[in-house]
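Please look over the structure shown here before turning to the questions and answers that follow.

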Number of protein chains: 2
Amino acid sequence: MTTTVATKDRILRAAEELFARRGFDGSSLRELTSAAGVNLAAVSYHFGCKEKLIEKVLRRRLDQLNTQRMAALDHVEGRPDTTLEQVLDAYIRPALEISYDVGGECFMRMLARAFAERDERLRELLSQNYGHVMRRFAAEFARLLPHLDKVELYWRMDLVTGALTLAMSGFGMIQRADNVSEQAHHEQTTQHLIRFAAAGLGQGGLARHTRQ
Amino acid sequence: MTTTVATKDRILRAAEELFARRGFDGSSLRELTSAAGVNLAAVSYHFGCKEKLIEKVLRRRLDQLNTQRMAALDHVEGRPDTTLEQVLDAYIRPALEISYDVGGECFMRMLARAFAERDERLRELLSQNYGHVMRRFAAEFARLLPHLDKVELYWRMDLVTGALTLAMSGFGMIQRADNVSEQAHHEQTTQHLIRFAAAGLGQGGLARHTRQ
DNA sequence: CGTATGATCAAACGATCGTTTAAATCGCTA
DNA sequence: TAGCGATTTAAACGATCGTTTGATCATACG
């Protein structure tokens, strides 16, 4: 039993890393199982087939991401004094935390790649399982940005999400300076992203501005 | 001779479409040549190998994109009355025009994928074709946004580029209403993107604002 | 201890991959 | 029209792919 969990987990970890580096089609089960230190047949045995493994890898992190986003949104949703930056914080911070997690940047690269490839597996998985989260955020953004019509809002959310996903996949250049702690750098990055997203989302309107 | 050109062009066209839909690794030469209506061996004969074909497909559009961006930048670069929106126009409009071209959206999807790509060869191709153009734009942005330090500027340019690339790859793109012409819709989209980019790039500073 | 059960293993399966080969065919000039 | 280089073709190559198989190992229970 404990052996089973160890094998499955080693496969998932190696898959996350390899999929991010080579893509789904570019990763062979032989290279994957070799990196994980397990037998080739272990993937079929524990996950059924390669396609099911891909889904499992995606779903594991997406569940974590959406759970944390919903929890964060719970604290600000519908309140009269909620600011745009607070909602964006609930949207961005959980994603950034995942990207800082072990293997998390691999997942974010995988996600960015799947976005760019318009991967059908991901699109279906996203819309089927996580659509309600995006709708909650959209409703909250709409409440705070009443001057935007629905189409305009959704469009800007797509732009913001695309920018953030690519940013968190690590293609960006920003690096932590030696004189700031890792913790402080994470917080700086979060604030950078929030301000960027707030500017892009709310631009053109009379949106209330934050004090920072 | 004319037969050669026709065959090579049919391969390039089919490749652009298939690569965008299935990815590089997910596209087989058999499916590709079948869609192009040419013999399987034609790829090896005209391009050498699959990798060379990929490079050719990328390079064809990148040359066009960068030529047009440079030409547009020539008209505003270094002038005392240049606005941020004008520079962004030179940056965004050529890309949008390509995305509206036949097969252009496919190329943009390939480009978006290349952003998330870890493959060093693809990244080198991009930096070779993009590098000097991006530096020219960066210098011009820096001139118009003197309150931003270099790191901050590059960071925001990455975010903007990521958002635009994904947007132009058609992921969740805004739809044209029935009562506006295609031409007008393109212009509206261009202005939307420029305003979004300007807000993200210049936010937080005392950047001069456009008259709309 | 004997044996069921789940997990791992080496080996092989058929399918498909990118690439190569050599013959057939085309377009053109002498 | 004969000849020749350029192009296209069908067929095959070896390699690698995802998946399956049946034997072997480990462990828990009567």
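**Contacts, helices and packing**

Q: In this predicted model, what percentage of the contacts in chain A with a separation of 6 or more is accounted for by residues 24 or more positions apart?
A: The count takes in contacts in chain A with a separation of 6 or more. Within that set, the share that falls to residues 24 or more positions apart is 72%.

Q: How many helices and how many strands does chain A have?
A: From the N terminus on, the run of elements in chain A reads α-α-α-α-α-α-α-α-α. The tally for chain A is therefore, with helices and strands taken as DSSP runs, 0 strands and 9 helices.

Q: Is helix α5(A) parallel, perpendicular or oblique to helix α9(A)?
A: Helix α5 (residues 84–100) of chain A packs against helix α9 (residues 182–202) of chain A with the axes 9 Å apart and at an angle of about 135°. Because angles of 65 to 115 degrees count as roughly perpendicular and those over 145 as roughly antiparallel, this angle makes α5(A) relative to α9(A) oblique.

Q: What distance does helix α4 of chain B reach from its first C-alpha to its last?
A: Helix α4 (residues 50–74) of chain B has 25 residues, and the span expected at 1.5 Å a residue is 36 Å. The distance reached in the model is close to that expectation, at 36 Å.

Terms used:
Residues numbered from 1 in each chain as written. Chains lettered and ligands numbered in written order. Predicted model: local features only at pLDDT ≥ 70, side-chain atom pairs only at ≥ 80, totals over all residues. Axes fitted to C-alpha atoms, helices over the stretch in contact; angles between N-to-C directions. Helix = DSSP H or I, 4+ residues; strand = E, 2+ residues; numbered from the N terminus. Parallel < 35°, antiparallel > 145°, perpendicular 65-115°, else oblique. Contact = placed C-beta atoms within 7 Å. Expected span 1.5 Å × (residues − 1).
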